[in-house]
Every structure is written in structure tokens, then in C-alpha cells.
Amino acid sequence: MARPRLGGPDAVRRLIWYGLVGLILVWCAAVPPAGGNLSLYFSLMMWVTLATGLNFIAGFAGYMPFGYVAFYGIGTYTTGIAVKVLGLSVYAAVPIAGGVGVLLALLFAPTLRLSGIYFAIVSLSLAIICQRLVSLLPEEITGGSLGINLGVITIREHGYYTMLLVLVLALLTASWLARSRLGKALKAIRDDPEAAEAMGVNVPRSRLFAWLLSALFAALTGGVQAWFTGALDPQTAFDVLITAKTVIYAMAGGLGTVLGPLIGTVVLVWVDELIWRSFPVLNNFLLGLIIAALILFVPRGIVGSLMQRYPRVRRYIM
Amino acid sequence: MNSVLLINGLLGGIVFGMVYALIGASLNVLCGVLRIINFAHGEFIIAGGFFAYVMLTFLGLNPLYTLPVAAAAFFVAGYGLYYLLIPRLARSDEPETSSFLLMFGVSLMLVSSMIWIFEADVRPVNFSFDPINLVLFTVEDAYGPGRDGRVIVPTARLVALAINAAIIIAMTWFLYRTLPGKAMRAAIMNREAVQIVGIDIHRLSAWAFGLAAALAGVTGVVMTLVVPSIDPNGGADFTLIGFIVIVLGGLGHPVGALAAGVLFGLVEQMSNVLLPQAAAQMLGFMILVAVIFFKPAGLFGLERSR
């Protein structure tokens, strides 16, 4: 792929992307005053953030973290414990949740030495270990298998706007990463680690950075989610389905593209809503069918396939 | 700790271990020949359990007689599933990771179909032998002077153990002594070379998929003898145990999985006796992570040939 020239197409792409982010910001910010469906928009923003965060490590660096939910779960628990046990303000708890997520990612960083399916299996196992560990900890801290009931901490809108802030940060990070030297290094690692190394890319440091960024956004999302819903328990906080949905949304749009996770999530969350309303019993069946069909027929996702079929599209989208 | 509990733990470990060995072996056939990771393997096993349940409840058939029927039905299903899913998958950029996701989708479909058909309750499989339990031997003064402890095993579990041993012997014979079995092992060792000597890799892979599905279905039937109930949501646990077993035994190494399965069964059952439940469950995953880090070829694995 040729380096984008300065000015020209890159300026157009950037204009379109920042315009889109601005539109999302205004649209989502207008939902509470307009009396829109807060929960629906909150979950939409949450999934876009998760899918965008996953894209850093899965799309740019090529590692599929099947235990991505571990960071989300640790984020929800950090908020829960900070507010309920330590008595901290929730506004302090969410950044702490992000920090704890990054620490956990540092702890798991040696797994990045593994590749392909070994990485996926170990990542999944670590998420399960986290879940069991949380339910083993003393009940005064984590609430055991019942979890923690936070109740209403602030008015709901505050949690909602914090999620919006995290979402915008994630989207801006994505476009920054795609254009940065680091992002190009990551893509080089994904396509051929040995060649990247030979060309002078610091492989361990680059992928560690992507890994920490991915974990940070998952943990922040979890932290805000606990605030917004006011309740958490080990079963739902560490549900494998959360990883699965995140991966699917990101893949549906196109891993490795900036726009992909956003488009994929918006389309599939909308489809999911339709399915829920029309066929509540077969919800998971159709979800499974969509996953299988996506992987068999559009493995590069909506945006990725568009870019492959119509290369001119690259001029307008990232 | 008294000896009766320990002996019961050991016996349970062997019975469960043999089941895990079978799960690992069938998962490893898929993993070795097709280079795919079957996330839906546990659901195949649960489907086998429901097969036994339906046969028993609606036709009054002893699950043991349904074994060959189950094997045939699951073989055909697996054979068909191969042609439906896998040839398309091979065209993707990263077949291994994609297969993980694809089979996750299949597993979601299977779970919700089973819940739709059988509802989300745990179904009992009321099938018993006469006598229900066998007293193997008596430990004198196990609970203090004059209070003997008896080591009791459900007859069904002993039957399951015997069937399992027979299936494992048959499978090993197939893999080492028959031509298709040798072709499968050859494909595990080197998929390209096998094609050069003129073996139709698609047909062989379809056979391997069918064989793995048949083994999984049979495992499900046998499982109803070990634990006489089926939970449509229980598949994920079997899948994860299967992952642990194949990683322990070496990815794509069917016989290594047998030893690893028995080992894992023993560890699990003994830690159930000795540790709190959540800790016992965690142990398996910790072993898995440790093995991948320190001995990625598996405990019994040869060097991975790709």
C-alpha cells in the first residue's frame, strides 16, 4: 500500500472522519435532552468503544484476544469496589478502573509472545481465571457470586455523558493510531513479524502499546457500565459473549480499518434489536448464524470488502 | 483426610479422565487433520446426550444399544457439516482464528436450537443398572475404630469406563493399523506431502470431521452414564476441558490427548475432594496457561511439525 500523500486524499479522509466523529458527538449528546432512549444509545456507544478498542490489538496488530472481556470485567469491578468499599467518588473510580485495566494488561503482556490459536486459548483461559478469582475473593470486597449492587450513584445522564467522552476518545485514538508511525509498525508486524523486525520495528514494544490501549478502553467501558447500570456480578461482567459480540461487531465492519468497528457495531446492534423484538427465542441462533455467515462470506467485513472491491473508496475513508 | 474419600476421588478421576481423554482425542483429530479449533465440540457432546435421552424417553431404548446409531448419525452430520463450512473457510486470510469464530457461531446456533427443542432445563436420563451400585471393597476402621468405610461405585460408571476403553482401543487401532487411519496421521504430520502422494485431502478431511463428530456424539451418550443428566447450556464446559486436554497432550497429537485426559480427570477429581469448588475449576486453566508457556508442544507432545 502506498504511503498517503500529504494534503490531497489524506486531508479529504481526515475531514470526512472528523466530521463523522463530530456528528456522532452532537447526535449522542442530543439524546438525553430530546428524551431519546438512553439505554439503547448507551449500549450502542459501549459496543462501539469496545469494538474500536479491540481493533487496536486484533485489527492493527493481528492478535485475537478471546479473553478481551477480562479487562471490561476488571473495570466494572474496580468501579464497584472503589465506590462501595472504598467510598470513592465515581468520577475518580472510572479513571482508576482504566488504570487497573492497564495494570492487568501489563501482567498478561507475556502472552503476546504466543501466536495464533495459542494466544486465543490462553487469553480465554485467563478471562475465566479472573472470573473464578473474583467469585473466590472475600464477600466483603467483591460480593462473591452475587456481585455488588451500587444502586443509583448520580443522575443517569452523567454516566451517559462519560460513556460518550470515552467513545470519542477511542475514536480519536483510532484515527491517530492509523496515521501514526506506530500504527504502520503494527500493521507491518501483523503482516510479517520477521520482516518488520528486520526493517527496524521494535516488535515487543509496538504490540505492547496496542495491547495496553485495547485494555484501557475495555476497562474504562466496564467502569462506566457499572456506574450506568448500578449493578455487577461475576457471571455477566466476565461473560464470554461480551468478547464474542465485540469481535463480531469489529469483524463485521472490518478489522484493521478505522471506520469498520463503528459501522459494524451500528449495523449489527440495530439488527440485534430487530431480532430481539421479532424473534426473542431464536435471538442467539440468529446471532450465531450471522457470525458464521460473516466469516464465510465477508471475512474482511463491510468496510474491508468495500475497500478491496472499490480501491477508490480508500480516498474517502480510513 | 481419610482413605475412602481419596480412593473415591481416584476412581472418579479415572472414570472422568477416560471421558476427557475421548473428548480430547476427537478434538485433536479435527485440530490435527483440518487445522481448525472446534469451539462447538462441547455442543456436539451435549447433542449426543440428548440423542440418548430421546432414544430412552420416547423409544425406551437402552442408551448402550443406541451407541452405533448415534455414531452413524453424528458421522453423517459431521461429514455434511465439513462440506458446508470448511472449504470456504480455507480461503480466508487466517484459517485458524477464523475457524475459532466460525465454530463459535455454530455453537451458539446449536445451544439455542437445543434450548428451543428441549427447553433450558436440566434433563434427567433415568437409566439404571441392577444393582445400582457396586461395593468394590471395604476399608476397615476408616472413620475411627469399628466404623468401616465402603468404596462404592455406580455400576453405570463402570460400564461407561469399559465402553470408553473399548472405543479408545478401537480408535487407536484405526489410527495406527488401517489405511485411512494412517492417512489421517500422515495429514496431521504434513498436510502438503499427503496431497503430493495422491490423497484427496478434502475427502480425508471430511472423513476426519465425520469421525470427530461421531466420537463426540458417542462421548455424549457415554456421558449420560457417568452423569445421568443433560444441560443444554453445559457444552462450553466440555469444550474448555477439551482445550485443556489437547494443549496438555500436544495440539494435533491424538494419543497424547488420551494420557492428558486421564491426567486432567485425576487432577480435577482429586482437587474437588481437596479444594473449594471454584479453586478446583481454576486449577485446570492455570495448568493450561502454565503448559502453554513452559512446554508449548504439550506434556507428551513431539515437536510440532508444520
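1. Let's start with a term: the radius of gyration used here is taken over C-alpha atoms, and the globule rule sets it at 2.2 Å times the number of residues to the power 0.38. Keep in mind as you read that this is a predicted model.

2. Now try that rule on chain A. For 318 residues, a compact globule would come out near 20 Å, and chain A has 19 Å, which agrees.

3. What is chain A built from? Its secondary structure comes to 15 helices and 2 strands. Of the 318 residues in chain A, 51% are buried. Looking at contacts in chain A with a separation of 6 or more, 78% are between residues 24 or more positions apart.

4. Have a look at helix H2 of chain A, residues 38-60. At 1.5 Å a residue, its 23 residues should span 33 Å, and the end C-alpha atoms are 32 Å apart, so the two agree. Where is the kink in H2(A) centred? On A:Leu54, with an angle of about 35°.

5. Stay with H2(A) for a moment. Why call H2(A) largely enclosed by the rest of the structure? Because 18 of its 23 residues are buried; a residue counts as buried if 20 or more other C-beta atoms lie within 10 Å of its own.

6. On to chain B, which has 11 helices and 4 strands. Its radius of gyration is 20 Å, close to the 19 Å from the globule rule for 306 residues, so chain B is as compact as a globular protein of that length. Its C-alpha atoms fill a box of roughly 70 × 50 × 35 Å along the principal axes.

7. Buried residues are 48% of its 306 residues. For contacts in chain B with a separation of 6 or more, 78% come from residues 24 or more positions apart.

8. Finally, the place where the chains meet. How many residues does each chain put into the contact? Chain A gives 30 residues and chain B gives 33 residues. On the side of chain A that touches chain B, helices H5 (116-136), H12 (240-253) and H14 (283-297) each supply at least two residues. H5(A) gives the most to that side, with 14 residues. By type, the residues of that side of chain A divide into 24 nonpolar, 5 polar and 1 charged.

Conventions. Residues are numbered from 1 along each chain as its sequence is written. Chains are lettered from A and ligands numbered from 1 in the order in which they are written. This is a predicted model: local features need pLDDT of at least 70, side-chain atom pairs count only at pLDDT 80 or more; totals for chains, interfaces and linings use all residues. The expected span of a helix is 1.5 Å times one less than its number of residues. The bend at a residue is the angle between axes fitted to the seven residues ending there and the seven starting there. A residue is buried if 20 or more other C-beta atoms lie within 10 Å of its own, exposed if 12 or fewer, and partly exposed in between; C-beta atoms are placed from the backbone. Two residues are in contact if their C-beta atoms, placed from the backbone, lie within 7 Å. Ala, Val, Leu, Ile, Met, Phe, Trp, Tyr, Cys and Pro count as nonpolar, Asp, Glu, Lys and Arg as charged, and the others, Gly among them, as polar.
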